[in-house]
Amino acid sequence: MRRWLGWAAIAGMLAVSLLISIAFGHPASRPSLDERTRAVAAQLRCPICHGESVADSTTDIARSIRALIRQRLATGQSPDAIKHYLASRYGSSIMLAPPASGIGSIAWFAPLLLHLGGLGLLVVLVIHWRARGRQPATESAEYQERIRADLAAQAHGEPRSSAEVGR
Amino acid sequence: MRRAMWVAVIAGPLLALLAFGLRGNPNAAASPLLNKPAPNFSLRTLDDRTLSLAALRGRPVVLNFWASWCPSCKIEHAALRDAWRRYRTSVQFVGVLFQDTRESARQYMVQHGGQWPSGQDPDQRVAIDYGVAGPPETYFVDRRGIVRFKVIGPVSRDVLYRDIRKLVRMRR
């Protein structure tokens, strides 16, 4: 009964917060043309800069590319179509992020593969360590026989063997 | 022995990568446009005429992006002028201004010589269409309108003559 009340309270709170957000919240506004231009330009490498995006560069060519992006977005062209056009002119190196196909895919998948490999290695090592920890300490039959002989000798008042003294 | 093997395993691929990056002539640039149709354009020339690439079909074209303020353009100008004098009957030379004023460009041509047409590209749309990062860049377009070679930076007389001869020899 108590558990049921708890769930009902959570559901009630969620419903109230949903109603409040519908009643008073603002719908997500569509980004302006300038914002969309900047978003596309930020994904492109300035052709004559070192690691600077078209969005951040103050060079003439970056300014011209920004103007072209803005004009094409205004005419309804999609960001992907614009990026594809620029890559067809400047090469795929104009994209700041490496492509997800071909040799560029290594940059996308290598971190994931390395993480999975590391995780796998860790699991194997933990299993190995745990298995080793559970194993009883095994002594050779000869050593056990020697201990038995020493204990028996001690019981009869004889001195301990040199092996036992050394331990 | 084992250490030497590890050094070879690590250093080998790195050296191969370095050799790959250093191969070839850095000025003879790769371009996605190579062996593809040259983007068409229609520009206003310095003497107020209309210059269209499509209208030049059937003739090889040396397309040079330049500006009067660009020091590297001054370096290559003598080679361009000499090549124009030598090959102007068989090849069309075309200049495209990169962020330059009409008046400065006109003065520059008078001062340095050469009478090939240059067109204004006010918003760099033609430059972007060709993947130009900055002047000078030179494209060699064959008589079928296909981009065959591209040179980034000042083009030398040897490269100009060699690539023009290749263009002229290409089949119709």
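In the predicted model, B:Asp129 and A:Arg89 are both buried. These two residues form a salt bridge with each other, the closest N and O atoms being 3.3 Å apart. The pair crosses between chains, since B:Asp129 belongs to helix H4 of chain B and A:Arg89 to helix H4 (residues 79–90) of chain A. Across the interface of chain A and chain B, one salt bridge is found, and the side chains that meet in such a bridge at 3.3 Å, N to O, include those of A:Arg89 and B:Asp129.

The contact between the chains draws on 16 residues from chain A and 15 residues from chain B. Together, chain A and chain B bury about 1,200 Å² between them, and 55% of this area lies on carbon and sulfur atoms. On the chain B side, B:Gln124 is placed in the loop between strand S5 (118–120) and helix H4 (125–129) of chain B. When residues up to four places away in sequence are not counted, B:Gln124 touches A:Ser64 as well as B:Phe98 and B:Gln99. B:Gln124 has a relative accessibility of 1% and therefore counts as buried, the cut-off for that class being under 20% relative accessible area.

Over all chains, the count of salt bridges comes to 16. Side chains of opposite charge can pair when their charged atoms come close. In chain B, the side chains of B:Arg157 and B:Asp82 meet in a salt bridge with an N to O distance of 2.6 Å. B:Arg157 lies in helix H5 (residues 157–169) of chain B, whereas B:Asp82 lies in helix H2 (residues 71–87) of chain B, so the pair ties together parts that are 75 residues apart in sequence. B:Arg157 is partly exposed, its relative accessible area being 34%. Both partners also belong to a network of salt bridges that links B:Arg81, B:Asp82, B:Arg85 and B:Arg157. A further salt bridge of chain B is that of B:Arg44 and B:Asp48, whose side chains meet at 2.4 Å, N to O. B:Arg44 counts as partly exposed at 42% relative accessibility, and B:Asp48 likewise counts as partly exposed, at 47%.

A search of the whole structure for disulfides gives two over all chains. In chain A, a disulfide joins A:Cys46 to A:Cys49, with an S to S distance of 2.1 Å. The link of A:Cys46 and A:Cys49 is right-handed, with 55° about the S-S bond. Both cysteines are on the buried side of the cut-off, A:Cys46 with a relative accessible area of 1% and A:Cys49 with a relative accessibility of 15%. In chain B, a disulfide joins B:Cys70 to B:Cys73, with an S to S distance of 2.2 Å. The torsion about the S-S bond of B:Cys70 and B:Cys73 is about 90°, so this disulfide is also right-handed. B:Cys70 counts as buried at 2% relative accessibility, and B:Cys73 counts as buried at 2% as well.

As for the overall architecture of chain A, its secondary structure comprises seven helices and zero strands, and the pattern read along the sequence is α-α-α-α-α-α-α. Of the 167 residues of chain A, 19% count as buried. Where contacts in chain A between residues at least 6 apart in sequence are considered, 38% join residues at least 24 apart. The accessible surface of chain A comes to about 12,700 Å², and 64% of that surface belongs to carbon and sulfur atoms.

A nonpolar surface patch of about 1,000 Å² is also present, made by A:Phe109, A:Leu112, A:Leu113, A:Leu116, A:Leu119, A:Leu121, A:Leu122, A:Leu125, A:Val126 and A:Trp129. One of these residues, A:Leu125, is found in helix H5 (residues 105–134) of chain A.

Definitions and conventions: Residues are numbered from 1 along each chain as its sequence is written. Chains are lettered from A and ligands numbered from 1 in the order in which they are written. This is a predicted model: local features need pLDDT of at least 70, side-chain atom pairs count only at pLDDT 80 or more; totals for chains, interfaces and linings use all residues. Side-chain values use heavy atoms; hydrogens and water are left out. Helices (H or I, at least four residues) and strands (E, at least two) are DSSP runs, numbered from the N terminus. Buried means under 20% relative accessible area, exposed over 50%, partly exposed in between (1.4 Å probe, protein chains only). Contact means heavy atoms within 4.5 Å. Accessible areas come from the Shrake-Rupley method with a 1.4 Å probe; for residues, only the protein chains shown count as cover. Patches are made of residues with over 30% relative accessible area and no salt bridge: like charges are joined within 9 Å, nonpolar side chains (Val, Leu, Ile, Met, Phe, Trp, Tyr) within 5 Å. A salt bridge is a side-chain nitrogen of Lys or Arg within 4 Å of a carboxyl oxygen of Asp or Glu. A disulfide is a pair of cysteine sulfur atoms within 2.5 Å. Buried area is the accessible area (1.4 Å probe) that two parts lose on being put together, summed over both.
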